[in-house]
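This report describes the fold, the strand pairing, the nonpolar cores and one surface patch of a protein. The sequence and structure come first.

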Amino acid sequence: MLDNTIDGSEERHQLLVAIESTVRGANYINEMQRVSEMYSSLFDSLLRESGMADYGVSVNVGQLRCHGEVMWLNQKDELLGRAWKKGQGPNVLCFVFNSCLILLQKEKKGRRRTSKTKLSSEVTTDEVKHKLLWPCLLCRVQDVPDSDGVTNMWQLLYKGQPSQPAVPYLFRSNSVEQKATMVHLVRDSIQEQQKLFGTLSGTPSPSLHGHGSVVGSSSSTLSQPVRTKTNSKFPSLFTAAYSTQTL
């Protein structure tokens, strides 16, 4: 079809735009299929462990807004006993969903447990060193200015209990563009969840406090969620988040 159009013509321009849009759509579908095949079972397992499914948190790949590899700057690697240099840290996968964020730190290749019967590319719990799930309503995201040659930093604040200070997670993206996209979409997911909760609950501000942390690891749960029963459609976990905007 391109051969039948004239260089510089409006018809050729529109056709090139359509082709580019089609390629982007196909690439997106292929990438979402790859993520689903590799991580869906792990996402579902982590959501069950967190106990957040009953409160509107979803890990459906169709609700995945972006994902990518970032460097976790303030993670302490006790297992390897390694002291990271300033501006360096383990690489982790960050997945931004509409209602939550997931962080996965995979095992080193030499430490993975392999199975001769494993035929798919699905990532299993044995291949993950740390796995964390944060509901967006418990998070705040902050830009971090460049310092001493360390660039593209941003910070996630997770506040799982009202009586405890927020836990900071410091990340470094691999480019200015990735940082801008990640921070924008994380912030947007947080704001959308705040609006959604306010609309459904009829309250101006929710807070995800009282249900406990949903941070887990591959070998054990670092901080088990506190299982609480409530007659309210929205538990105390979601009752004060808007009143604690500044962590």
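The model is predicted: local features need pLDDT of at least 70 and side-chain atom pairs count only at pLDDT 80 or more, while totals for chains, interfaces and linings use all residues. Residues are numbered from 1 along each chain as its sequence is written, and side-chain values use heavy atoms, with hydrogens and water left out.

**Overall make-up.** The protein has two helices and eight strands, arranged from the N terminus as α-β-β-β-β-β-β-β-α-β. Helices (H or I, at least four residues) and strands (E, at least two) are DSSP runs, numbered from the N terminus. Of the 247 residues, 45% count as buried, that is, under 20% relative accessible area with a 1.4 Å probe and protein chains only; exposed is over 50%, and partly exposed lies in between. Among contacts with a separation of 6 or more, 68% are between residues 24 or more positions apart; a contact means heavy atoms within 4.5 Å.

**Strand pairing.** Strands pair if DSSP finds at least two bridges between them. Strand β7 (residues 167-172) takes part in both pairings below.

| Pair | Sense | Bridges |
|---|---|---|
| β1 (residues 64-72) and β7 | antiparallel | two |
| β6 (residues 153-158) and β7 | antiparallel | six |

The bridge partner of W72 in β7 is F171, and that of L157 is P168.

**Cores.** A nonpolar core is a set of buried Ala, Val, Leu, Ile, Met, Phe, Trp, Tyr and Cys residues joined through side-chain atoms within 4.5 Å. The largest has 24 residues, and W134, L156 and F171 have the most contacts inside it. Two or more residues each come from β1, β2 (91-97), β3 (100-106), β4 (128-135), β5 (139-144), β6, β7 and α2 (176-201). Helix α2 gives the largest share, five residues. Beyond its neighbours within four places in sequence, F171 is in contact with residues including V70, W72, V92, L103, W134 and L156. A second, separate core of 22 residues includes M52, V57, F97 and V128.

**Surface.** The accessible surface comes to about 13800 Å², 51% of it belonging to carbon and sulfur atoms; areas come from the Shrake-Rupley method with a 1.4 Å probe. L16, I19 and V23 make a nonpolar patch of about 230 Å². I19 is found in helix α1 (residues 10-50) and is partly exposed, with a relative accessible area of 38%.

Terms used. Patches are made of residues with over 30% relative accessible area and no salt bridge: like charges are joined within 9 Å, nonpolar side chains (Val, Leu, Ile, Met, Phe, Trp, Tyr) within 5 Å. A salt bridge is a side-chain nitrogen of Lys or Arg within 4 Å of a carboxyl oxygen of Asp or Glu.
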